[in-house]
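Have the structure open while you read.

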Amino acid sequence: MLLHFDQITTDFVSTFFSKEINVSVLRLDKIHPVISGNKWFKLRYYINEAKEQKAKKIVTFGGAWSNHIIATAAACHLNGITAAGIIRGESPPVLSSTLARAKEYGMELFFLSREEYRKKKIPSELQQPYHYFIPEGGAGPPGIKGASEIPRYCSGMYTHYCCAVGTGTMMAGLIKATSAQQKVIGISVMKNNHDLEKNIRESANTKTKEWTVIHDYHFGGYAKYNPALIHFMNELYRIYNIPSDFVYTGKLFFAIADLIKTGFFPAGSSLLLVHSGGLQGNDSLEKGTLIY
Ligand SMILES: *Cc1c(COP(=O)(O)O)cnc(C)c1O
């Protein structure tokens with residue numbers, strides 16, 4: 001897979017941010033039109049392992065608008081591996097654009113009721129020894145290993161790395177890969193997901209790093225949003241030409257702007273915000289909600 005990456009440094013100083021803080025954005029949303037953002041990194045070693053094991057099929061899990069599902073479908077297509085997606089929820093009359101595109105990439109879709117999905121029921125035709133399973137969201141050691149390569153793509157000296165947090169896989173990778181003086185700040189996009197700290201502590205396995213998960217910017221929970229978030233995302237795009245998604249990066253940018261305003265970061269801090277991609281999920285919003 002070719003990695004096209006384009007790092008831009010954006011001076012956020014004027015509208016949202018105070019003058020003493022320098023903010024840069026690592027635009028992982030630009031690396032690939034479909035396998036965007038952190039999913040490219042998180043999938044990489046899973047795909048390698050599946051190839052080494054000569055797996056006949058890669059099977060993974062996700063919801064109707066999952067960035068992980070579409071990224072896996074595209075990555076498998078690029079690598080000539082067949083893919084199956086186990087999808088949360090009954091088969092809908094009309095597929096979401098995410099699932100329609102995943103299908104175009106050749107992914108077979110299996111729909112489970114939310115109850116079955118929660119119990120991680122695997123359809124019997126997929127229970128084969130020569131199938132390779134990737135956990136939901138690409139969580140797990142190969143995902144962390146891939147995510148730990150993200151900081152290689154930005155050369156500046158940053159005091160803080162900031163990212164959106166779903167499973168915490170990307171954050172664990174960043175904690176492992178950054179130096180002891182660099183802090184990692186994660187913005188949880190879920191409500192009260194307090195298992196995160198334990199999971200991240202175990203995965204990152206470090207005693208010397210300073211890192212914090214902030215739980216105050218979930219906007220009601222996973223994939224929930226309000227007019228203030230949408231307004232902020234539109235302003236971010238209008239002023240800085242940075243598109244964000246309402247599930248992950250919109251909340252990250254909103255949170256960091258707010259934390260800067262409230263003095264969370266000491267003067268002189270230099271922040272790197274990881275734009276982790278996932279813009280395709282915005283297709284689930286009503287047309288016209290976002291100006292991009
Ligand atoms: C999946 C995803 C995340 C969350 O990554 P985790 O490693 O699960 O914490 C963040 N941002 C975007 C855009 C994503 O698609």
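**Where the ligand sits**

The ligand sits in the largest pocket, where "sits in" asks that more than half of its atoms lie within 2 Å of the pocket's grid points. Keep in mind that this is a predicted model, where local features need pLDDT of at least 70 and side-chain atom pairs count only at pLDDT 80 or more, while totals for chains, interfaces and linings use all residues. Residues are numbered from 1 along each chain as its sequence is written, and side-chain values use heavy atoms, with hydrogens and water left out.

**The largest pocket**

- A pocket is an open set of points on a 1 Å grid over the protein atoms alone, with protein on both sides within 12 Å along at least five of seven lines, and its lining residues have an atom within 4 Å of a point.
- The largest pocket holds about 830 Å³ of space, counted as the space filled by probe spheres set on grid points, which are joined across faces, edges and corners.
- Its lining has 40 residues, and Ser66, Glu136, Tyr222, Val247 and Tyr248 lie nearest the centre.
- Sorted by class, that lining has 14 nonpolar, 18 polar and eight charged residues; Ala, Val, Leu, Ile, Met, Phe, Trp, Tyr, Cys and Pro count as nonpolar, Asp, Glu, Lys and Arg as charged, and the others, Gly among them, as polar.

**Around the ligand**

- There are 14 residues around the ligand, and Lys39, Lys42, Gly166, Thr167 and Ser276 come nearest; a residue is near if one of its heavy atoms lies within 4 Å.
- This shell splits into three nonpolar, nine polar and two charged residues.
- Helix H1 gives the most to the shell, with three residues; helices (H or I, at least four residues) are DSSP runs, numbered from the N terminus.
- A polar side-chain atom of asparagine 38 lies 3.1 Å from a ligand oxygen atom, and a backbone N or O atom of glycine 166 lies 2.8 Å from a ligand oxygen atom.

**The other spaces**

- The second largest pocket has about 180 Å³ of space, and its lining divides into five nonpolar, three polar and three charged residues.
- A cavity is a set of points where a 1.4 Å probe fits but cannot get out, and there is one cavity of 30 Å³ or more.
- The largest cavity has a volume of about 40 Å³, and helix H2 (residues 67–78) gives the most to its lining, with three residues.

Definitions and conventions
Helices (H or I, at least four residues) and strands (E, at least two) are DSSP runs, numbered from the N terminus. A polar contact is a pair of N or O atoms within 3.5 Å; within protein, one must be able to donate a hydrogen and the other to accept it, and residues adjacent in sequence count only if both atoms are side-chain atoms.
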